[in-house]
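The following questions and answers concern the arrangement of parts in a structure. Please consult the sequence and the structure alongside them.

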Amino acid sequence: MTKITGNEFFVKALQEEGVEHIFAYPGACVIEIFDEIYKQTQFDLILPRHEQGLIHAAEGYARSTGKPGVCLVTSGPGATNLVTGIADANLDSVPLVCFTGQVATGLIGNDTFQEVDIVGITRNISKYSIMVRDRAELNTAIKEAFYIATTGRPGPVLVDLPKDVMAEIGSDIYPEKVNLRGYKPNTKIHDRQISKAINMIYKAKRPMFLLGGGVKIARAVKDMTALMEKSEIPVVTTIMGKGSVPTNSPLYYGNVGMHGCYAANNGVNSCDLLISIGTRFNDRITGKLGTFATEAKIIHIDIDTASISKNVTVDVPLVGDAGEAIRKMLKAAEERGACETGKWRKQLEEWQIAEPLQQEEKEKLVPKQIIDAINELYDEPIVTTDVGQNQMWTTQFFEIYGRRQLITSGGLGTMGYGLPSSIGVAIGNPGRDVISISGDGGFQMNSQELATAVSEGLPITACIFNNGYLGMVRQWQDLFYNKSYAGTCLLRRKGRECDVNLRKGTKHCNGRKAECYPYIPDFVKLAESYGAQGIRVTKKEEIAEAFAKAKAKKDGPTVIEFMIQDEELVFPMIKPGGPITDLITGM
Amino acid sequence: MNKTDNDMKRRWLSLFVENRIGVLARVSGLLSGKSYNIHSLTVGETENPEVSRMTVCLDADDRTYEQITKQFNRSVEVIKVIDFTNLSIRTKEVMFIKVSGLNDRGRAELFQMAQAFKFRIKDMDSDSVLVEAVRTEIKNDSILNAIRSRFTNLEVVRGGPVAIESISMQDR
């Protein structure tokens, strides 16, 4: 055993973990770790332009590759800027290991420069967070962090590294095993419970799979697809689960929930057996609790015991790995053959025909035209989204099959997620087409990351659906708040008519007028100022050409600003807090 | 499907946790973060200095209580969770009451109460008396109520109940 400093050991530990990229932003308390990173070549350092962009990039990397995303930031503001991303990763089960610098142990508690209690701040929004108080604990702390982040239900782990501890000399041995008496994730599926579930499936008249993000996290898409095809049981998904089976399969009926399909929501409410895998029955899925899947027995498979019977009481709980459960059901389906679902599927198809997902062509561009173009013009893109209308349209219309992926902030609903997460995706998936889709609101929350994409030479296509509004909030104002458009116009300028009227309290922003300033900012110029390609698309005919130009640009990002129909809404929609049968179709 | 408050009752949990900085904050933060209201929480080191044991007493319905135990079970710092609600346990709470402004008659009465209610007089001066009661929480409630009905000038400190599984006794 050689004795090395904590800073030296940090680099060694990451190498032992096989880390290839670290998303890092320097500062006083981590400068010596950066100094060690400089001396090695095994992993490279990505420098995003803001720590929130940094952690979303790490999330995009982790979600698209299945490997943990590794972050390194300094103490104080560096650490607090991670907070949103940690909460996001926690709700969407993304494996992250976040290292934060910390002031020397002797100074902790003194309100030292750039000191915050980041372990305290993140305690309730991370899977685990710990401060390393002793050099002797550093080696196991890093090992445990990677283990906890990536096993069981994955999630973010934060390790706080005081500067003096990292300077100290200690062991260079990276532990092979962890021994955590309080953490023994269970992956094995209970045999009797799964047999019970399988028997229920074959007795059911109207069975249905509801798939959440857990199927993809368990890397079980292929087995799940085979199970669907063998059993002939219809499938619906949450937005996190979309892509768990090919969306072009005739057995797939779309997303459930607030902006889900009519057929899918009706299906959940009419099925007599709901087999849900890797979802926690979030309120955006169930609508009003107590009205959800009232006719169904529910089988619930989840790796997290606390997700079972949290929101919806289930009949057969199964704690364990989704992949293992799916394979056991697949084996049974191979032996017992298809369920008799012909009549049931016919009913679902009738609903599908009655209320298909659609969007009428309008004077200006509508989002479906753009997403249809992506479906058509790209073979295997990985698409990330921001949050709001742009996200809902993408999750409605983007087709996922083969190696295609959709990456979106589902649980926390973090605006500003689209662009930075696509950077992590591009870094983890070189050679693949990577597209981010944002609104003009969300894009501006992390637009500085264009600099990162340019620096790293990443050929990302960043699509902005520009309607000049915070569209989803405006949609709620439109439908449920008497068209009082408070704080949702992004083109408001002081002194103009709309502003004066707002302050008199007599009128609202009542939609786009000729005198409204067209761009705040001009996204094409913004892109060009970063050295990115900037394209504005105002007509349907220009869509394909814009994507062709984006594809041709191999050494850096392209921003395509789509000027979309100002007041386009997302339909169908379930009224917030209402039952999922109460659908506003917009037609 | 959704349970109502009908099954609301008092529950007892015994937690074995890592004896480390921040673990109490983790446990109490988990309870407050999810808006679970606790009645009391006591903590102390066990026979193993690396392990602390907490006794948590709370009022909850079945559904909430199930969530709480699951949340504790999946916390890395929580080693073991035992549900004491339906087990035979021994439980005691320390309660101190300082009664001031006493005259001779009042003091005599308090000494009589000490015999009847099984609490102890631990300290006194010319006009005040310090009472110590080490009883179950419910009995301490009764003692406090009795003293409160006779005297007005009180200072009360309660430690919260600690509990351990019984060996053979059924009584709490």
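This is a predicted model: local features need pLDDT of at least 70, side-chain atom pairs count only at pLDDT 80 or more; totals for chains, interfaces and linings use all residues.

Q: How many residues of domain 2 of chain A are in contact with domain 3 of chain A, and how many of domain 3 take part?
A: Residues are numbered from 1 along each chain as its sequence is written, chains are lettered from A and ligands numbered from 1 in the order in which they are written, and side-chain values use heavy atoms, with hydrogens and water left out. Chain A is divided into domain 1 (3-171), domain 2 (191-354) and domain 3 (367-571), with bounds from an automatic or database domain assignment. Counting contact as heavy atoms within 4.5 Å, domain 2 of chain A contributes 14 residues and domain 3 of chain A contributes 17.

Q: Which residues in domain 2 of chain A lose the most area to domain 3 of chain A?
A: Buried area is the accessible area (1.4 Å probe) that two parts lose on being put together, summed over both. Between domain 2 of chain A and domain 3 of chain A it is about 1200 Å², with carbon and sulfur atoms giving 56%. Three residues together account for 51% of what the domain 2 side buries: Ile239(A), Lys242(A) and His259(A).

Q: How many residue pairs are in polar contact between domain 2 of chain A and domain 3 of chain A?
A: A salt bridge requires a side-chain nitrogen of Lys or Arg within 4 Å of a carboxyl oxygen of Asp or Glu, and the count between these two domains is 0. A polar contact is a pair of N or O atoms within 3.5 Å; within protein, one must be able to donate a hydrogen and the other to accept it, and residues adjacent in sequence count only if both atoms are side-chain atoms. With both residues at pLDDT 80 or more, the number of pairs across the interface of domain 2 of chain A and domain 3 of chain A is 7.

Q: What is the area buried between chain A and chain B?
A: The contact takes 25 residues from chain A and 26 residues from chain B. Carbon and sulfur atoms give 45% of the buried area, which is about 2100 Å².

Q: Which residue of chain B meets Arg181(A) in a salt bridge?
A: Across the interface of chain A and chain B there are 3 salt bridges. One of them has an N to O distance of 3.7 Å and joins the side chain of Arg181(A) to that of Glu50(B).

Q: What salt bridge partner does Arg10(B) have?
A: Chain B is divided into domain 1 (5-83) and domain 2 (89-165), and the count between them is 1 salt bridge. At 3.9 Å, N to O, the side chain of Arg10(B) meets that of Glu137(B).

Q: Which strand gives the most residues to the side of domain 1 of chain B that touches domain 2 of chain B?
A: Strands are DSSP runs (E, at least two residues), numbered from the N terminus. On that side, β1 (9-18), β2 (38-45) and β3 (51-60) of chain B each supply at least two residues. With 3 residues, the strand that gives the most is β2(B).

Definitions and conventions
Helices (H or I, at least four residues) and strands (E, at least two) are DSSP runs, numbered from the N terminus.
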